[in-house]
Amino acid sequence: MLWNGVPIDFVIIFESLRKHMNFFSGCFTFTGGKDRRSGLILTIPLCTEQTSMEELSSTLDYLLGIPSDKCKARGFTVIVDGRKSQWNIVKTVVLMLQNVIPAEVSLVCVVKPDEFWDKKVTHFCFWKEKDRLGFEVILVSANKLTRYIEPCQLTDEFGGSLVYDHIDWVNKRLVFEKFTKESTSLLDELVVINDSEKSSQLDKERPPDCNFLPSLDPETVLQTGHELLSELQQRRFNGAEGGGVAWSPMDDELLAQPQVMKLLDSLREQYTKYQEVCRQRSKRSQLEDIQTKVMQVVNWLEGPGTEQLRTQWGIGDSIRASQALQQKHEEIESQHSEWFAVYVELNQQIAALLSAGDEEDLVELKGFQQQLSDVCYRQASQLESRQNVLQSAHEFHGTAQDLSQQLDGLLGMLCADVAPADGAAIQQTLKHLEEKLKSVEGALVGLREKGQVLMDQMSNQTSWSYGKDVPIDNKDNVDHIQGVMEDMQLRKQRCEDMVDVRRLKMLQMVQLFKCEEDASQAVEWLGELLDALLKTHIRLGDDSQETKVLLEKHKKFVDVAQSTYDYGRQLLQATVVLCQSLRCSTRSSGDTLPRLNRVWKQFTVTTEERVHRLEMACSFHTAAEKVLVQASPDQGDLPVEVEQETYEEVETVGKALLDRLTVPVIFPDGSEQYFGSPGDMASSAEHIRDKMKNANGALITACLVPDQFVLSSQILWPLA
């Protein structure tokens, strides 16, 4: 039975010793002193309260077991300190020595108190029992004890000089007994564990008992032993120098330093073997743990992980569906990441074991590493492939959605009514349509490219199921991709056809606006010609020849105006045709034709008036020139009848022409317009009057008869 790791009987003995120490200055123990025969001195202090002989007997048994056989052969000298005890107790102790160690005891010195015991009684009793006891008993005072034992071998309580610390000795014995008990028990356990491990290595089929562990911590026991040995060695070397407790050659035997060293050596040997056993156990445990974790990773990746990927091969039918699939794939990747983290940790552990492992473990470890790497890399490759497919699907659906929106926008533009303000707006709209169509064509090309990339990626996909590559049926996905591309192609083709129609319509509208613009320009030109005719075409000529020239120029001027009018009419006719083709009921050309006709009518009336005036001026100049020729001296006498007719014509035409110059041009709408300015008209009228005067003067000069004079007077008076 143990108490704090120490045998309970030893504890009882030491507690008894401690109890004695409370009443005696000496101590019940070996102090290290020797008698003159080199025998050990055993000191037994007694007190009045010492009544338990059983405790004293047990203590003696323990103490006598400490010295070596060599020391026991030299015998013991026992000092019984009875100075504070009664005689009957001393007698009992002496008799107890005879029962316990009669052969080893050579001398018993009973230290008596002064004047307490009856000397005759005590002497007579020990002398009477001398032969029966087997050893000599001497009653002696403390101060006379040196007669039998050297003072240097006695402690100070008996008048000696031997230095002895009983408390220190008891503590050392407690530590020694505890260490001896623990180390012995631990050695037995370690031997059993090491032998069991050795047997399990020889018999591979028998699993080792890994649950069998030592009841004590070897490190703690070894530390206790080393501390004890260090204390013993320090006491030995320091005691001789006067520091600490004095040392005697008996200390090695009393404190059992060799036993401690032997136990430590045996314990270190078995503990080293045990550490190797633990290392082997740890290695096996690591291998088993690694194998278990490797199989967990492999089984999950080839089982649930592969099943998750096998059921997730769709690409969705829209960008929102592809985003949902990507989110689902991210969840799958998150679950795989946890197992990949285990793979990384296992790979590091395997690498560490490979770098420091035994040859017999390398093949197994490399097999685990290869199997784990193959499965993880294959699964990671499938995850990456799936991620690439989903990314391409997302881009494909995104491009398809953008293209669809562009087609919807283009179709909206094509279906909307076109009501541009002018040709520039039409050109801008047409340019915008062309840009839209070009953008649609580029988006469709991009859609085809992304669709082809996506189909190529899906065609390279395979699923790993139960250790085999299983092709994936992507027919539905491929049909969906091709269907989307064909649908976009058809929509794009319809938009192209509509763009062609809209382009033709817009070109017609451009032509319509051009015709309307040119027709308006023709109207402006006619207006400018009319304005020029009224403001600049005012001369009537100085003679008949010049008037005829002006008349010819006027005809050409009219021809130009006629061509402008005809061009405007043709443009307006083309406008009508284009409006009918474009189904435009109301256009700006509606008032262009009336304006053209109005200006043309005004021009016609004005040019007729101009022609009429030029013709009258030509007749006037011709008649006036004829009179001047007839009145010339070179012509001789003229017949009266001819002269009179010519003069009348000059007078009549001149007067009519003068009247004509004062009359404005009246347009069909009732408005009036004069040729030139009033000054221009006055100048023309003055020239006509001068011409009439010249004709009359020539006639007067040429004709001398009264009748002719009277005639001249009749001609000239209206001009006065």
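**Exercise 1. How many helices and strands does the secondary structure of the protein chain come to?**

Solution. Helices (H or I, at least four residues) and strands (E, at least two) are DSSP runs, numbered from the N terminus. On that basis, the protein chain has 19 helices and eleven strands. This is a predicted model, in which local features need pLDDT of at least 70 and side-chain atom pairs count only at pLDDT 80 or more, while totals for chains, interfaces and linings use all residues. Residues are numbered from 1 along each chain as its sequence is written, and side-chain values use heavy atoms, with hydrogens and water left out.

**Exercise 2. Describe how helices α10 and α11 are arranged.**

Solution. Two packed helices are described by the angle between their axes and the distance between the axes.

Step 1. Helix α10 covers residues 257-310 and helix α11 covers residues 319-356; their axes come within 10 Å and cross at roughly 155°. Axes are lines fitted to C-alpha atoms, for helices over the stretch in contact, and angles run from 0 to 180 degrees between N-to-C directions.

Step 2. Angles under 35 degrees count as roughly parallel, over 145 as roughly antiparallel, 65 to 115 as roughly perpendicular and the rest as oblique. Therefore α10 and α11 are roughly antiparallel to each other.

Step 3. In contact (heavy atoms within 4.5 Å), residues of α10 including Ile290, Val294 and Trp300 meet residues of α11, among them Ile332, Trp339 and Phe340. By class, this contact of α10 with α11 has 14 nonpolar, eight polar and one charged residues. Here Ala, Val, Leu, Ile, Met, Phe, Trp, Tyr, Cys and Pro count as nonpolar, Asp, Glu, Lys and Arg as charged, and the others, Gly among them, as polar.

**Exercise 3. Classify the crossing of α14 and α16 by its angle.**

Solution. Step 1. The axes of α14 and helix α16 (residues 592-630) come within 9 Å, with a crossing angle of roughly 25°.

Step 2. That angle makes α14 roughly parallel to α16.

Step 3. Among the residues of α14 that meet α16 are Val523, Leu526 and Leu530, while those on the α16 side include Arg595, Val599 and Phe603. The residues of the contact of α14 with α16 divide into eleven nonpolar, six polar and two charged.

**Exercise 4. Is Glu524 buried, partly exposed or exposed?**

Solution. Step 1. Glu524 is found in helix α14, which spans residues 475-535.

Step 2. Buried means under 20% relative accessible area, exposed over 50%, and partly exposed in between (1.4 Å probe, protein chains only). Glu524 has a relative accessible area of 44%, so Glu524 is partly exposed.

Step 3. Glu524 and Arg595 are 71 residues apart in sequence, and their C-alpha atoms are 9.5 Å apart in space.
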